[in-house]
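Morning, everyone. Let me put the model on the screen, and then we will go through it chain by chain.

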Amino acid sequence: MLSQLPALQVVIPLIAAPLCVILRNKEISCLVSQAVSIVSFLISLILLQQVLNQNVISYALGGWLAPIGIEYRLDILNTFILVIVSGISSIVTIYSKKSIEHEIDSEKIYLFYTGYLLMFSGLLGMSITGDAFNVFVFIEISSLSSYAMIAMGKDRRAVSASFTYLVMGTVGATFFLIGVGLMYAMTGTLNMADLAERLPKVYETKAILVSFAFISIGILLKLALFPLHLWLPNAYTYAPSVVSAFLSATATKVAIYLLIRFGYTVFGSDFVFIKYPTAEILASLAIVAIIVCSLVAIFQTNIKRLLAFSSLAQVGYIILGISLNNLNGLTAAIVHIFNHAISKGALFLAMGCIALVIGSVKIKDMEGLGKKMPFTAFAIVIGGLSLIGVPLTAGFISKWYIILGALDKGWWVLAILLLLTSLLALVYVWRIIEAMYFRSSENVYKINEAPISMLIPMYVLVIMTIYFGIETSFSAGLASEAAKFLIGT
Amino acid sequence: MDINFLIILTIIIPLAGVPLILLSRNSPNLREFITILTASILFLTNLLLTINTLGLSESKTFVIVNFFPGGSIQLTPEPLGLIFGLIASGLWIVTSIYSIGYMRGKNEKNQTRFYCFFALAIAATMGVAYAGNLITLFIFYEALSLSTYPLVTHHQSESAKQGGRTYLGVLLTTSVVFFLFGIIWIWSITGTTEFVSGGILENEINPYLTGILILLFIFGIGKAGVMPFHRWLPAAMVAPTPVSALLHAVAVVKAGVFSVLKITVYTFGVENLSSNGASEFAMYLAAITIVAASIIALKQNNIKKMLAYSTVSQLSYIVLAAMIVSSNSIIGSTLHIASHAFGKITLFFCAGAIYVASGKTEISQLKGIGKAMPLTMAAFLIGSLSIIGLPPTGGFISKWYILLGAIQQEEFIILLVLIISTLLSVAYLLPVIYLSFFLTPDSKIDHGEAPTAILIALGISVTLTILLFLYPTPIFQIAKFIGN
């Protein structure tokens, strides 16, 4: 049983999805999603335990050994990602019931959960698989279901947002597939471990360079690095709150994982960072992303949109960490995947509470919220402080490591620039805080705090944001283990 | 009692005060009683801690939590921190008494919030005082900025919000960009941020880079108010006077100069700096601030604004003394933290007393007010003498040591700066006394002295100012530990 866990990790949600369609009941499908998420979370924790003991787990799907069959290959990095994805999913599904009932037509709710489970299993599959083509399959599973879920948003603009995402997401996935095809043509294998062995022999060929370009651009589209980010703000803004929270905390993060995996494991850092100036290209794009998207975030009036742009900037920090190609930089990137997932997750869940109670997420409608919805408002404060990187929140840890990474690399100016950009985050977070606490609302109607079933999951993330800002042996500890494993020291 | 227990108590006590204050919000008398009780217990704890620590031969460190591999939040009682802790907690008692008179006299709103955040700010100040490494210092430093923001914007008016933005903007920007950068830099060179007597940077980094590092800290610690990052201090004067008094004469600004002093002594190391002369530039920067801020203070008509600029100038005395890096100047610097705290809090108390009793805020309105408020204006005189540095006040002693230090290091330009600034402070402070006692009022004065609570607080702060002159020995003894 224990040895079958890697398969179960993906298969359980995949099977549960059609189950929801068969049952056609919104209550039960919600329960099923919650149960599946929690079971997946437990599985991922057991896997993490196993990986910590034996470093790498290789699992041959259906008993077909690689290179013929599909190999699931777990190391610290992707097991950590599995824990993040399934953990966030557990919290989000528990939270989702009231919010979904409010935002989605009652007869479509079971379909929502079907899509949700498909997307969930797609993301888990992308993380767990050790087969390059299999990655593409799971990308498609998760993407197709996420298009559907975004389109379920209440606002009619959700449909066009979803369509934009569909077009760009398909381009990304196709690019990825072209790249994988070229690799296969050159090496005759799709297994990542084999690829890593065989690619150095063909490093010099143009085909591999082209393949690398296609794969990385495909992934960058999925993770929405500036200037390939155009699909993201609308998608996050108009999607149902639960979807925004889940996507921002996990979907882009899994794509980032793929970038690390292909950059450091498959192609190898020698090829990516030494042979070609990938680091410089990625770093410059990341810096532009951080500055431009933070600036744009400052001028948003819709808070979900503001958070979407903030996510783009935070993705920039992660990419920057990856491009530093040293231990501290990579640790920063991996730990920020985790830290950003919990803080941004908490923020989007808070937006869901606000959307439920006052029916709007415009900044002007949030005036005086500090008194009316004290718990939700406080959650936003903590999440916001973490985005800025204030000490004692998770965000500070990421900031610390990335600046160390920049200093290790000798990029002094970058280190200062990073500190300066965190001030941009301060400005956009402060706008929300000021509206909530220091402006009183003109509306005198009475509103209540969000229901407790939503507050508790949200506060799990809020408490984690603080906890992992103080005690970091789990988050930063695992991240630096994973980074060491990747860099090979 | 165990030192570890005592040192964590200094942070827990004010924090524990917060829920109690909240619970008693419906009964103002009980609420204020709790505030004063908390403050008194805190002061006693600090006193006990001081007595217990000074008997020890080596310092003890209490690690609260290991942050990430190699970094931790830890508290260490050492002489400099003890002095600061004693001053801040002692003056919290006095200010609480004063606040009662002021907040009730002006019928301020949201008094419970006021007392809560005040307690929070004190907790952060204690953390700054006993921080055992740079990371801890930074964390509590930021906590202090954030917890005082609601105090600065207490009135919630447009000007309060404007002032609050400047306040937080300058303090956070400087700390995040320069201070944090300096800390991470030091970490990346030495792999530690701990405060060790003698410093951790000797032979680690060349004098030029040391000079840059010092500048990062001087500018990064915006609370020290060295120009050009002093703007937040006058902006924060929109706060109610008790806030200005405690936070902007004691806790916040002193947390700034205290941090500079602490980093000079325990990170850079006195011997290291005096041998390589890396602090020269920072020293002149402080000298410029002293003179420039005094000149600006001369031009102010608003009492609190004038006091704010005077504070900017006086803070740079402490920075200057730290940057002179001689044993005498370090002692002078430490003493000046105390003497300026007592002197300036007296002056702020007076400004508030005048405002409560008469509603006047401008210096030009003060003609003849000495007849109506003789006690307040007498206190103003004593406070002024201390700021100028004349006997019989504590300011005389601290300035004496700073001058000694300057002579010891043969910094004659600095000597000149100190003399000029003394004259300037005479010029901006004494006219107030002259106006209030020797001129006749423009219109009839129909008010008397300020409320009793305010006068009690004034009495205590004046006594402290004079006591520091008569019996400087205790603080002097502790300060000597640092100079060595």
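What percentage of the 489 residues in chain A is made up of buried residues? The figure is 62%. Keep in mind that this is a predicted model.

Let me stay with chain A. Its secondary structure comes to 20 helices and 2 strands. Along the principal axes, the C-alpha trace spans about 70 × 55 × 40 Å. Now the contacts. Take those in chain A with a separation of 6 or more: 80% of them are between residues 24 or more positions apart.

On to chain B. Confidence first. Chain B has an average pLDDT of 84, and 98% of its residues score at least 70. For the complex, the predictor gives an ipTM of 0.77 and a pTM of 0.86.

Here I count 19 helices and 2 strands in chain B. Its radius of gyration is 21 Å, close to the 23 Å from the globule rule for 484 residues, so chain B is as compact as a globular protein of that length. The box around its C-alpha atoms, taken along the principal axes, is roughly 70 × 55 × 45 Å. Of the 484 residues in chain B, 61% are buried. And of the contacts between residues at least 6 apart in sequence, 82% join residues at least 24 apart.

Now two helix pairs in chain B. Parallel or antiparallel? On the α9(B) side, the contact residues include B:Ser244, B:His248, B:Val253, B:Gly256 and B:Val260. On the α12(B) side, among them are B:Lys304, B:Thr311, B:Leu315 and B:Ile318.

The second pair is α13, residues 327-358, with α15, residues 374-388, again in chain B. These axes come within 8 Å and cross at roughly 150 degrees. The cut-off for roughly antiparallel is over 145 degrees, so α13(B) and α15(B) are roughly antiparallel. This crossing is left-handed. From α13(B), the residues that meet α15(B) include B:Phe342, B:Gly343, B:Leu347 and B:Cys350. Facing them in α15(B), we have among others B:Ala379, B:Phe380, B:Gly383 and B:Ile387.

Next, the interface. How many residues of chain B are in contact with chain A? There are 18, and they touch 21 residues of chain A. Which elements of chain B give two or more residues to that side? They are β1 (62-68), α5 (134-152) and α6 (158-190). Of these, α6(B) gives the most, with 10 residues.

Buried or exposed? B:Ser157 has 11 C-beta neighbours inside 10 Å, so it counts as exposed. The cut-off for exposed is 12 or fewer.

Over to you for questions.

Conventions. Residues numbered from 1 in each chain as written. Chains lettered and ligands numbered in written order. Predicted model: local features only at pLDDT ≥ 70, side-chain atom pairs only at ≥ 80, totals over all residues. Helix = DSSP H or I, 4+ residues; strand = E, 2+ residues; numbered from the N terminus. Buried ≥ 20, exposed ≤ 12 C-beta atoms within 10 Å, placed from the backbone. Contact = placed C-beta atoms within 7 Å. pLDDT = per-residue confidence, 0-100. Axes fitted to C-alpha atoms, helices over the stretch in contact; angles between N-to-C directions. Parallel < 35°, antiparallel > 145°, perpendicular 65-115°, else oblique. Left-handed = near helix turned anticlockwise from the far one by under 90°. Rg over C-alpha atoms; globule rule 2.2 N^0.38 Å.
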